[in-house]
Amino acid sequence: MEVNLNNLMEEWLNHKKYNVKTSTLSTYSRIIEQLVKDIETIDNINKNYLNEYIKGKTLVCSPKYVQNIVMVLNMLIHYFYQRKIIDKDFKIRKPIKINKTIKVLNPLEYSVLKDYLIKNISYKNLGLLITFYTGLRIGEICALTWENINFESSMFEISKTVQRVKNFDKSINKKTIVIIDTPKSSNSIREIPINEEILKVIKKMHGLDNNYILTNQEFYIEPRSYENHFKRVLKACGIKTTKFHVLRHTFATRCLESGIDIKTLSIFLGHSNTQITMDTYLHISPEFKKKEMKKLKI
């Protein structure tokens with residue numbers, strides 16, 4: 001009897017939905033759709049084919065997305081083996097990590113953008129300033145409410161994220177829905193000190209505890225809309241359009257250049273371990289490398 005690859009993968013996905021968060025399931029589903037289209041038949045679920053497939057993906061996809069594909073493939077392979085669909089249980093190799101070029105704001109862009117936000121302060125622009133000084137992910141700043149600011153300890157308390165994910169509820173006639181959930185890992189639930197430079201601005205704009213900071217209302221802005229606001233601000237500043245994540249990268253780079261150690265930066269960013277922080281950021285600043293090299297005494 002011919003085995004339908006699409007049905008098998010959907011079966012596995014339905015099995016996983018009881019064990020993972022909705023956001024994770026949405027990621028798995030997106031990858032499954034890609035795998036069904038690319039792999040085509042169960043005969044292609046073999047080590048040589050899949051290793052070559054992953055090698056090709058490294059050329060067109062981000063390292064993180066390729067790692068997610070590898071993870072899903074290995075779970076599928078194990079599931080197929082348990083179902084006796086394939087004869088061997090094997091692992092696909094993770095690709096060699098390649099440090100991709102990461103965009104950060106240069107000193108002039110940083111200064112221009114910061115001055116613009118301060119001169120044109122609004123709740124949305126306050127969110128951008130907060131991201132400047134915290135490196136929050138876009139979903140985290142969208143989920144931030146006034147009650148997440150501890151003024152006694154001068155700390156941001158990060159515990160939620162806003163995400164648009166695939167809708168798995170058949171009673172709702174929508175392809176995607178917006179959810180507010182805990183961050184992707186326990187390390188992402190964290191406290192970040194508030195820089196004194198923006199603390200005064202925050203206090204002046206302080207609203208009701210249940211209000212979201214970006215709106216000062218009980219309704220939130222979803223990440224896609226906030227990304228569009230960020231692009232409009234960049235245009236007003238004469239800065240080339242880039243992704244919102246540039247603020248996180250710029251924050252991390254400035255922290256390193258200011259002498260903040262990797263462990264502390266990793267905590268600020270909510271990374272699950274310091275290796276992620278080092279792999280992502282230690283190679284991106286030539287100025288920082290030169291500065292550190294000057295410390296060497298021979």
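Predicted model: local features only at pLDDT ≥ 70, side-chain atom pairs only at ≥ 80, totals over all residues.

Trainee: Ok. How many helices and strands does the chain have?

Mentor: There are 13 helices and five strands. Helices (H or I, at least four residues) and strands (E, at least two) are DSSP runs, numbered from the N terminus.

Trainee: And what box do the C-alpha atoms fill?

Mentor: Roughly 70 × 65 × 35 Å, taken along the principal axes. Of the 298 residues in the chain, 43% are buried.

Trainee: Why is α6 largely enclosed by the rest of the structure?

Mentor: Helix α6 covers residues 123–132, and eight of its ten residues are buried, so the rest of the structure largely encloses it. Those buried residues are Asn 125, Leu 126, Gly 127, Leu 128, Leu 129, Ile 130, Thr 131 and Phe 132.

Trainee: Which elements do they pack against?

Mentor: The list is α5 (107–119), α7 (138–143), β2 (155–158), α8 (196–205), α9 (223–237) and α10 (246–257). Contact here means heavy atoms within 4.5 Å. On the chain level, 61% of the contacts with a separation of 6 or more are between residues 24 or more positions apart.

Trainee: β2 is on that list. What's the strand order in its sheet?

Mentor: The order is β1-β2-β5, an open sheet of three strands with antiparallel pairing. β1 (149–150) and β5 (190–193) are the edge strands, each pairing on one side only. Two strands pair if DSSP finds at least two bridges between them, and β2 and β5 have four bridges.

Trainee: Which residues are bridge partners there?

Mentor: Among them, Arg 190 of β5 partners Ile 158, and Ile 192 of β5 partners Phe 156. Arg 190 and Ile 192 form the covered face of β5, while Glu 191 and Pro 193 form the uncovered one.

Trainee: Where are they, and are they buried or exposed?

Mentor: Lys 84 is in the loop between α4 and α5, and counts as exposed because its relative accessibility is 73%. Ser 154 is in the loop between β1 and β2, and is partly exposed at 22% relative accessible area.

Trainee: Last one, Asn 68. Where is it, and what does it touch?

Mentor: Asn 68 is in helix α4 (residues 63–82) and is buried, with a relative accessible area of 14%. Leaving out residues up to four places away in sequence, Asn 68 touches Thr 27 and Ile 31. Its C-alpha atom is 43 Å from that of Lys 204, which is 136 residues away along the chain.

Note on methods
Residues numbered from 1 in each chain as written. Heavy atoms only, no water. Buried < 20%, exposed > 50% of the residue type's maximum accessible area, 1.4 Å probe, protein only.
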